[in-house]
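This briefing is meant for a reader meeting the structure for the first time. Please look over the sequence and the model below before turning to the points that follow.

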Amino acid sequence: MIANMGVEHNEQIGASAGNPGQESTAGTARPSGAFRREVFFVIGGASGLGAATVEALHDRGTVVVAFDRVAPKVALPGVEFRLVDVRDAAGVEREMQDALERVGAIDGFVYAAGVLDGHAYLGETNEELLDLVLDVNVKGAIRVARALAPSMCETGYGRMVFIGSIAGTVAGAGGLPYTVSKHALTGVVKSLALEFADRGITVNAIAPGAVSGTNIATGVLDQMVGSLPGERSSESIFGQPAHKLHPVGRLGTVDAIVPSILHLLSPQSWFITGTSLAVDGGYTAR
Ligand SMILES: NC(=O)c1ccc[n+]([C@@H]2O[C@H](COP(=O)([O-])OP(=O)(O)OC[C@H]3O[C@@H](n4cnc5c(N)ncnc54)[C@H](O)[C@@H]3O)[C@@H](O)[C@H]2O)c1
């Protein structure tokens with residue numbers, strides 16, 4: 001379903017999109033000539049890191065299509081928004097294909113859809129919770145990549161960026177489904193990076209530490225604080241110095257994360273693939 005169809009780039013893009021037949025330049029060359037604007041899809045673009053990425057890309061004059069299961073609170077004029085639930089495989093395929101047809105080709109996508117698990121310990125997990133967290137955080141990411149990879153292969157260029165987490169490399173007690181899902185996402189990134197390495201497509205994750213100001217930020221803090229011995233409440237972090245969690249002594253902000261996402265979306269990042277870039281104030285350096 002489409003909302004806010006403010007995109008007036010069809011002819012512009014359709015005329016020059018794609019560059020099939022071009023020899024691989026290891027992902028340095030964008031798929032078109034000088035007159036084509038860059039085009040990005042942001043999945044989970046209604047709030048938090050996804051919404052901030054949409055805004056940053058829009059500010060830079062690129063064409064952005066945002067996808068989410070809920071509409072953004074504030075619609076950006078000129079940004080196309082599509083409702084999609086990433087748990088719905090057929091819906092993901094349909095919406096991605098439809099959006100691709102409108103824009104012709106994309107330069108890259110950001111997968112920022114994600115859910116938490118209420119910091120569940122083993123005995124608190126059930127099938128429903130496991131299914132939800134793995135479906136959104138892992139299977140949805142694969143569904144989106146599967147829908148968009150063929151078009152990137154055709155143009156010989158693409159940037160896939162997934163929002164992982166420090167929970168993709170380290171764990172604490174509890175938060176089991178979320179930690180498993182983010183570790184799995186690290187595997188998705190490595191596997192896809194190798195599958196598409198010779199097609200001009202790079203595949204990476206950004207692995208943020210706790211970022212304040214997003215919808216799931218408090219829950220992320222709960223996960224992290226809950227994993228510390230003797231502490232079970234996120235409130236303690238506000239009473240205690242934040243450097244207990246992050247060596248830099250502050251929580252992250254969306255503004256501290258988005259530039260790294262933009263870099264991984266850029267042509268200049270062509271030699272970075274298969275990695276999870278920690279943007280975590282030193283959290284995983286210990
Ligand atoms: N905020 C943090 O501290 C933090 C830290 C590390 C990693 N992350 C990761 O960053 C990503 C973005 O989270 P955020 O902090 O911006 O939170 P957020 O809740 O603001 O954003 C998540 C977005 O995903 C969307 N979403 C959830 N389920 C969906 C579904 N089934 N289909 C489509 N969209 C769906 C939500 O509607 C929401 O817009 C997540 O993967 C999260 O795990 C966040």
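Strand 5, helix 4 and strand 6 together form a β-α-β unit that is right-handed. From strand 6 the chain goes on through helix 5 (residues 176-196) to strand 7, in a β-α-β crossover that is also right-handed. The model is a predicted one, and the protein in it has eight helices and eight strands.

**Strand 6 and its partners**
- Strand 5 (residues 108-111) pairs with strand 6 in the parallel sense over four bridges, and within this pairing Gly108 has Arg159 of strand 6 as its bridge partner.
- Strand 6 also runs parallel to strand 7 (residues 201-208), to which six bridges join it, and here the bridge partner of Gly158 is Ile201 of strand 7.
- Because six of the six residues of strand 6 (residues 158-163) are buried, this strand is largely enclosed by the rest of the structure.
- Both faces of strand 6 are covered, with Gly158, Met160 and Phe162 buried on one side and Arg159, Val161 and Ile163 buried on the other.

**Leu129 in helix 4**
- Leu129 lies in helix 4 (residues 127-155) and is partly exposed, with 17 other C-beta atoms within 10 Å.
- Leaving aside residues up to four places away in sequence, Leu129 touches Asp117, Ala120 and Pro177.
- Leu129 and Pro177 are 48 residues apart in sequence, while their C-alpha atoms are 7.6 Å apart in space.

**The protein as a whole**
- Of the 286 residues in the protein, 47% are buried.
- Among contacts between residues at least 6 apart in sequence, 72% join residues at least 24 apart.

Key
Residues numbered from 1 in each chain as written. Predicted model: local features only at pLDDT ≥ 70, side-chain atom pairs only at ≥ 80, totals over all residues. Helix = DSSP H or I, 4+ residues; strand = E, 2+ residues; numbered from the N terminus. Buried ≥ 20, exposed ≤ 12 C-beta atoms within 10 Å, placed from the backbone. Contact = placed C-beta atoms within 7 Å. Pairing = 2+ DSSP bridges. Right-handed = clockwise from strand over helix to strand, strands pointing away.
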